[in-house]
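Dear colleague,

Please find below the structure that I am handing over to you. My notes on its salt bridges and backbone follow it.

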Amino acid sequence: GNNNTQSLEKIHLDTALDFILNSSSGRSIDMPGGLKLRIEYDFAFFTKDTDLKPSELVLCEGGNCTFAGDICLDLFDKSAPNAPDIVYTLFKQAFLDYDKIVGEVTLRTRKTGDSVKSKGMTKSVKQFFTDKKIPLSERDFYPIFCDETGIIWVPGLAVDDRVKIEKKKKKVLNIKIKE
């Protein structure tokens, strides 16, 4: 710690141990020094809350796609001889019908009321997170790709039916998350 924060003492550690042994997933308690003890599924950990959240980032506008750190967008004609094979690995990459994308492609985090229509069923992003046991501490930082109409891809969870590729379409947008 530093001189500006209260240090953890035995009473705090006893409280933390009791909390870990007797609390359920999704619960948290405040601890000295701005720490928070969280229980998420089978894990307990300390976090320090910050007001920092990733901001929205424009990735692709009018066919001009950019590279942003570990995220790469590639626009290609699927009938071209050098076109990549379309292999769905939902967590690491998505292939989308570029002609169905409205406006610019952006990267953001979740918002209240977010939902995705996948395989004919509409489901909230919150429910996807719960079903896949995405820890609460990661949910506010989980990447969500959108166009001006709404969500197009939630990595590892769903591609929206609206932008899935049809056989006759040629222009494909590949969004890839690198290791």
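**Salt bridges and backbone**

Asp 97 and Lys 100 are joined through their side chains by a salt bridge, with an N to O distance of 3.9 Å. The model is a predicted one. Asp 97 counts as buried because its relative accessibility is 0%, under the 20% cut-off.

Arg 110 and Asp 140 form a salt bridge at 2.9 Å, N to O. Arg 110 is in the loop between strand S8 (105-108) and S9, while Asp 140 is in the loop between H3 and strand S11 (144-146), so this pair ties together parts that lie 30 residues apart in sequence. Arg 110 is partly exposed, with a relative accessible area of 26%, and Asp 140 is also partly exposed, at 29%.

Asp 14 pairs with Lys 10, their closest N and O atoms being 2.9 Å apart. Both belong to helix H1 (residues 10-22), where a spacing of four residues separates them by about one helical turn. Asp 14 is partly exposed, at 40%, whereas Lys 10 is exposed, at 60%.

Turning to the backbone, Lys 119 has a positive phi, near 55 degrees, although it is not a glycine. Lys 119 sits in the loop between strand S9 (115-118) and strand S10 (121-124) and is exposed, with 74% relative accessibility. For Lys 133, phi is likewise positive and near 55 degrees. Lys 133 occupies the loop between helix H2 (125-131) and helix H3 (136-139), and its relative accessible area of 53% makes it exposed.

With kind regards

Definitions and conventions. Residues are numbered from 1 along each chain as its sequence is written. This is a predicted model: local features need pLDDT of at least 70, side-chain atom pairs count only at pLDDT 80 or more; totals for chains, interfaces and linings use all residues. Side-chain values use heavy atoms; hydrogens and water are left out. Helices (H or I, at least four residues) and strands (E, at least two) are DSSP runs, numbered from the N terminus. Buried means under 20% relative accessible area, exposed over 50%, partly exposed in between (1.4 Å probe, protein chains only). A salt bridge is a side-chain nitrogen of Lys or Arg within 4 Å of a carboxyl oxygen of Asp or Glu.
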